[in-house]
Amino acid sequence: MTATNLAAAIDGVMGEAGGTPSRRAARRFGRNRTALAGLLGLAVLVVICYGTLPWTLGSYARQNLHDTLHTPTPAHLMGTDRLGRDLFSRWSLGGAISMGIGLASAAISVVIGVGVGVVAGYTGGRVDAVLMRAVDVLYGLPYILLVILLRVTLVGRMTGALTWLGLPHPQEMAGIGVLLVGIGSVSWLTMARVVRGQVMALRDRPFVEAARALGLSPARVIWKHILPNVAGPIVVYATLTVPSAILAESFLSFLGLGVQPPVPTWGNLASAGVAAINPIHIRWWLIFWPCAGLTVGLLSLNFLGDGLRDALDPRQG
Amino acid sequence: MTSYIIRRLLLMVPTLLGMTFMLFAIVRFAPGLREAGQANAVQGMMQSKQAQKQEQLLVAERLHLVDKNGHPISLPMQYVLWLKSTCEGHLGTSLEYPEPVLKLIEQRLPVTLTINLISMIVIYLVAVPGGLLAALYRDRLFDRGYGFISLALYSLPAIWVGSSLLGFFANPEFFNWFPAAGLHSTNTESMDFFQYIGDYFYHITLPIVCSTYAGFAFLSKQVRGSILENLGQDYIRTARAKGVKGSTVMVRHVFRNSLLTLITLTGMSLPGLLGGSVIVEQIFSINGMGRLAYTATLARDLPVIQTVALIGSVLTLLSYLAVDICYAMADPRVSYA
């Protein structure tokens with residue numbers, strides 16, 4: 001009997017329980033049809049929005065004042081807006097930017113949230129108390145306040161810095177960058193709490209104590225023995241941060257605090273569409289496409305995150 | 001128990017001090033806010049340079065930025081003065097509206113509180129039984145369908161839902177069922193009590209729909225998870241093995257343990273009751289706490305921002321205490337004696 005046969009035989013006998021934990025998680029995920037649908041939906045959106053970037057980057061702001069507010073046609077798949085700009089180009093680039101904002105905020109929340117959570121949970125005592133009270137205060141502050149404060153403080157300086165670096169479109173980039181810092185500065189709070197709880201539970205487990213007894217440095221204990229065990233929740237919460245950041249951007253755009261036009265995002269396209277509703281003309285395409293993009297994107301990401309939670313955290317059933 | 005509560009309340013003092021310090025630092029070190037008082041005083045005033053200067057000084061003095069003679073006060077001293085007047089109950093006067101902050105909050109709070117309380121009750125009435133049934137019928141049709149629908153609702157952007165609700169249900173062209181804005185009809189004087197209440201509910205129906213539909217997914221997922229976790233415990237098997245009735249096992253052993261999760265979640269959501277949703281209030285033109293905080297921040301209305309944030313912090317601490325007390329009452333294993 002060869003080794004592969006043996007593995008197959010073991011798989012056959014063990015069934016559900018066979019394989020490494022990550023392989024079992026992958027199998028649980030593969031059986032979850034809504035999660036797979038979410039993955040598929042996300043893949044389609046990513047291909048459309050990022051695949052068309054070479055074209056949309058050139059055409060998103062091109063105006064044609066002879067062809068304004070046109071209903072969808074083969075030439076303009078999603079119609080045109082009040083300045084005659086092709087809505088498909090704007091929608092597609094907007095999707096790319098919205099998803100980019102979501103992804104970058106998730107990255108920020110992972111870096112800060114995991115950092116703070118690990119330090120607070122592993123050190124405990126006074127450090128923990130101070131860090132967690134700081135988290136409480138930030139939770140207590142209305143986050144709109146933080147975002148507006150950051151805008152006031154940072155936009156000018158960031159524009160200056162980007163101009164100094166010689167990057168293209170410094171003003172637009174600074175606007176997006178500040179928005180990211182604003183959303184990121186709020187989204188790490190939940191991550192920090194979750195990671196802290198997990199780390200505190202792991203800290204006193206025998207295998208961590210053994211690692212400490214062997215004389216490993218705290219950094220190595222954390223990196224080699226604690227972080228791998230917290231990876232599941234981190235992945236889950238990072239995935240769930242992406243849709244909530246996209247949603248936060250759309251709220252801020254609605255309040256006029258998000259990414260500023262002409263740079264499109266699903267959020268500011270949707271709020272422009274809402275503003276265009278009036279009793280005389282219902283220009284449905286202006287609100288339908290951006291909102292549909294938002295809904296499909298958020299739905300896919302939430303299903304994906306939910307599926308990951310079920311797969312990686314068996315306790316949640 | 002009483003001594004425990006007193007001890008906890010005393011322990012809250014240093015925490016609260018730390019919170020006020022952070023709040024002060026965030027608000028004062030942000031550029032644009034320090035000069036805000038002056039900017040507000042100048043706005044729209046046709047006065048001589050002298051009078052403007054006078055006005056600026058007055059506002060700066062009220063914010064404890066300068067003393068009576070117009071000399072600047074150091075930052076640590078500003079903090080102490082702010083803390084002192086806050087403790088004495090002087091929360092200051094809004095820079096934007098000609099009214100004391102306390103009065104503004106008194107006007108806005110009941111609105112937000114009503115909407116949030118009703119929304120919370122609706123969410124609990126749907127999400128808790130929903131999560132419970134989903135756990136009992138795990139992986140069956142109800143579980144799958146309910147999970148799908150609640151998560152789908154959670155994914156709908158509030159801007160779209162809010163504006164669609166307004167566009168379809170408060171629009172003479174489609175269904176003119178609900179009013180588009182505000183909280184009262186114009187003829188409230190001629191109504192008796194029940195008509196008044198009816199009118200109020202008629203006005204807040206759409207805002208409540210808009211602030212509840214997204215809330216089911218999270219709560220029911222947590223309830224479902226905690227019930228499933230409890231169902232797998234050894235003591236449940238023991239209870240079943242010794243012949244306890246199925247319903248008794250559920251009520252006495254499973255639900256009672258899941259109550260702990262519910263207490264924590266409810267406690268976490270208590271501070272949110274006072275903070276209104278800016279989006280919902282903006283769409284339906286409701287003057288609540290969310291809009292107050294939003295406009296105050298845009299206008300750098302220092303006293304209002306500080307008070308709203310302070311209320312949030314105090315409430316957060318109080319709800320932690322409430323959670324711990326409820327824990328002790330629900331779980332006999334926990335005692336604080």
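Mentor: What follows begins with the contact between the chains and then turns to the side-chain pairs.

Please keep in mind that this is a predicted model, in which local features need pLDDT of at least 70 and side-chain atom pairs count only at pLDDT 80 or more, while totals for chains, interfaces and linings use all residues. Residues are numbered from 1 along each chain as its sequence is written, chains are lettered from A and ligands numbered from 1 in the order in which they are written, and side-chain values use heavy atoms, with hydrogens and water left out.

If you take the contacts (heavy atoms within 4.5 Å) in chain A between residues at least 6 apart in sequence, 70% of them join residues at least 24 apart.

Now to the meeting of the chains, where 42 residues of chain A and 44 residues of chain B take part in the contact. The size of an interface is often given as the accessible area lost when the parts come together. Between chain A and chain B the buried area (accessible area, 1.4 Å probe, that two parts lose on being put together, summed over both) is about 3900 Å², and carbon and sulfur atoms give 74% of it.

Between the two chains, four residue pairs are in polar contact, both residues being at pLDDT 80 or more; such a contact is a pair of N or O atoms within 3.5 Å, where within protein one must be able to donate a hydrogen and the other to accept it, and residues adjacent in sequence count only if both atoms are side-chain atoms. On the side of chain A that touches chain B, at least two residues each come from helix H6 (125-140), helix H7 (143-165), helix H10 (218-254) and helix H12 (284-312) of chain A. H12(A) gives the largest share of that side, 13 residues. Sorted by class, the side of chain A that touches chain B has 26 nonpolar, eight polar and eight charged residues, with Ala, Val, Leu, Ile, Met, Phe, Trp, Tyr, Cys and Pro counted as nonpolar, Asp, Glu, Lys and Arg as charged, and the others, Gly among them, as polar.

How many salt bridges cross the interface of chain A and chain B? The rule, which asks for a side-chain nitrogen of Lys or Arg within 4 Å of a carboxyl oxygen of Asp or Glu, finds one across this interface. In this bridge Lys221(B) pairs with Asp306(A), their closest N and O atoms being 3.4 Å apart. Asp306(A) also meets Arg309(A) in a salt bridge (3.4 Å, N to O), and these two, three residues apart in helix H12 of chain A, are separated by about one helical turn. Arg309(A) is buried at 13% relative accessibility, and Asp306(A) is buried as well, at 15%. Because Lys221(B) lies in helix H9 (residues 216-231) of chain B and Asp306(A) in helix H12 of chain A, their pair joins two chains. Lys221(B) too is buried, with a relative accessible area of 13%, and Asp306(A), Arg309(A) and Lys221(B) are linked in a network of salt bridges.

Over all chains the structure holds eight salt bridges. One of these joins Asp128(A) and Arg196(A), with N to O at 2.6 Å, and this pair links distant parts of the chain, 68 residues apart, with Asp128(A) in helix H6 and Arg196(A) in helix H8 (residues 170-203) of chain A. Asp128(A) is buried, at 9% relative accessible area, whereas Arg196(A) is partly exposed, at 22%.

Methods: Helix = DSSP H or I, 4+ residues; strand = E, 2+ residues; numbered from the N terminus. Buried < 20%, exposed > 50% of the residue type's maximum accessible area, 1.4 Å probe, protein only.
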